[in-house]
Amino acid sequence: MSAPTAERAAPEPEPAKPVRSFPKPQFTDAEAGALEFPSSKSRSFSYFEPAKLRATTYEDVTFDVQPDPDRHLTQGWIYGFGNGPGGYPLDWTELKSSDWHKFRDPNEEWEQTIYRNNANVVRQIQQNLANAKLADAYASWTPTWTKFIERNLGAWMHAENGIGLHVFTAVQRSGPTNMINTAVAVNSAHKIRFAQDLALFNLDLSESLDGFDGSAHRDVWHNDPVWQGVRKNVELLTAAADWAEAVFATNIVFEQLVGVLFRSHLVMQISARNGDYVTPSLVGSGGKRLQPRPRLHRALFNMLTNDPEHRDHNRELLSRWLEKWVPLSIAAARELQPIWSQPQERTVPFSESFEAARTGLRSVLSDLDLDQPKELS
């Protein structure tokens with residue numbers, strides 16, 4: 001018989017583990033999904049109301065890309081500046097709108113369209129210049145016309161580049177919606193591209209024409225008294241702090257009184273009479289790019305001058321901007337008058353060209369329901 005075994009001691013109880021708390025998921029009806037908005041009950045929906053029956057590709061790729069607390073950002077801006085407000089502040093312009101998101105670019109331009117359209121224009125210009133060389137088209141130019149292009153078309157290149165690079169590029173992020181900023185950015189690209197076309201044309205003429213000074217335009221822009229009014233106007237436009245004022249003063253005032261005056265009512269009118277069929281195609285291509293711009297900005301400022309809440313404020317402010325910028329652009333236009341007499345064949349007097357430019361601005365102001373400043377009388 002075996003000896004009795006010693007009774008084993010009971011094991012010590014393990015210490016209790018601390019209870020860890022985890023956040024409990026709370027399932028709700030997901031406010032964003034429960035909201036009703038245009039086409040919310042459709043299988044293909046958007047978060048905005050299209051301008052027409054169906055949304056266009058332009059609206060799909062630009063609208064609400066830049067949200068704000070008035071649309072979708074219920075928690076407020078998610079980013080900001082170190083010493084300023086967040087996001088896209090409305091006080092970056094003195095103009096006011098009850099709904100900035102109502103604006104649509106009537107030209108419906110965005111990244112794809114600008115690449116496609118500019119590629120077509122570049123091909124057209126390159127083909128025209130190549131054909132001009134093959135046909136020796138520059139041989140028929142008179143010395144006075146060669147000097148006119150050398151000095152004046154070259155000087156205009158600086159105006160286009162200055163506006164594109166230092167006006168529109170500078171303010172293209174300042175608008176309160178992506179629709180406005182995209183339109184301004186496209187405007188910038190058109191201006192810079194046209195300035196580059198003029199620069200390449202200048203190089204082409206330097207190689208093709210004996211005695212053509214391809215660097216003369218720099219001295220003209222800096223020192224020729226005829227161009228100092230335009231230069232002053234452009235440089236003051238680059239200093240405008242209010243993004244809407246910069247856009248208004250450039251595309252509504254300067255473009256009508258100076259840009260259209262030089263490009264359309266001078267160069268396009270007299271080139272053929274001086275044996276030049278190449279320059280009109282180049283300037284015409286640039287004008288074709290810029291032609292939709294007044295339509296775009298008429299839509300923007302017409303929205304503001306007819307705003308149900310702020311129309312009176314906006315009209316009064318735009319009238320003050322007209323009083324500031326119209327005299328400046330008129331002075332710049334008048335200082336250009338001597339170049340109308342430089343070509344050998346002068347088919348249009350300055351007074352007729354200038355009146356056509358003023359009539360164009362009057363038409364724009366009439367569309368915007370703005371009073372004409374006394375300088376246009």
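Author: Buried means under 20% relative accessible area. This model is predicted, and Glu160 is buried in it, with a relative accessible area of 0%.

Reader: Which side chain does Glu160 meet in a salt bridge?

Author: Side chains of opposite charge can pair when their charged atoms come close. Here Glu160 meets the side chain of Arg263, at 2.9 Å from N to O. Salt bridges with shared partners join Glu160, Lys191, Glu255 and Arg263 into one network.

Reader: How many salt bridges does a search of the whole structure find?

Author: The search finds 19. Among them is the pair Asp204 and Lys133, at 2.8 Å from N to O. Asp204 is in helix H5 (residues 178–208) and Lys133 is in helix H3 (residues 111–134), so this pair ties together parts 71 residues apart in sequence.

Reader: Is Lys133 buried or partly exposed?

Author: Lys133 is partly exposed, with a relative accessible area of 42%, whereas Asp204 counts as buried at 11%.

Reader: What span should helix H12 have, at 1.5 Å a residue?

Author: The 18 residues of H12 (residues 350–367) should span 26 Å, and the end C-alpha atoms are 26 Å apart, which agrees. The buried residues of H12 include Phe350, Phe354, Leu361 and Leu365. Just after H12, Asp369 takes a positive phi of about 60°.

Methods
Residues numbered from 1 in each chain as written. Predicted model: local features only at pLDDT ≥ 70, side-chain atom pairs only at ≥ 80, totals over all residues. Heavy atoms only, no water. Helix = DSSP H or I, 4+ residues; strand = E, 2+ residues; numbered from the N terminus. Expected span 1.5 Å × (residues − 1). Buried < 20%, exposed > 50% of the residue type's maximum accessible area, 1.4 Å probe, protein only. Salt bridge = Lys/Arg side-chain N within 4 Å of Asp/Glu carboxyl O.
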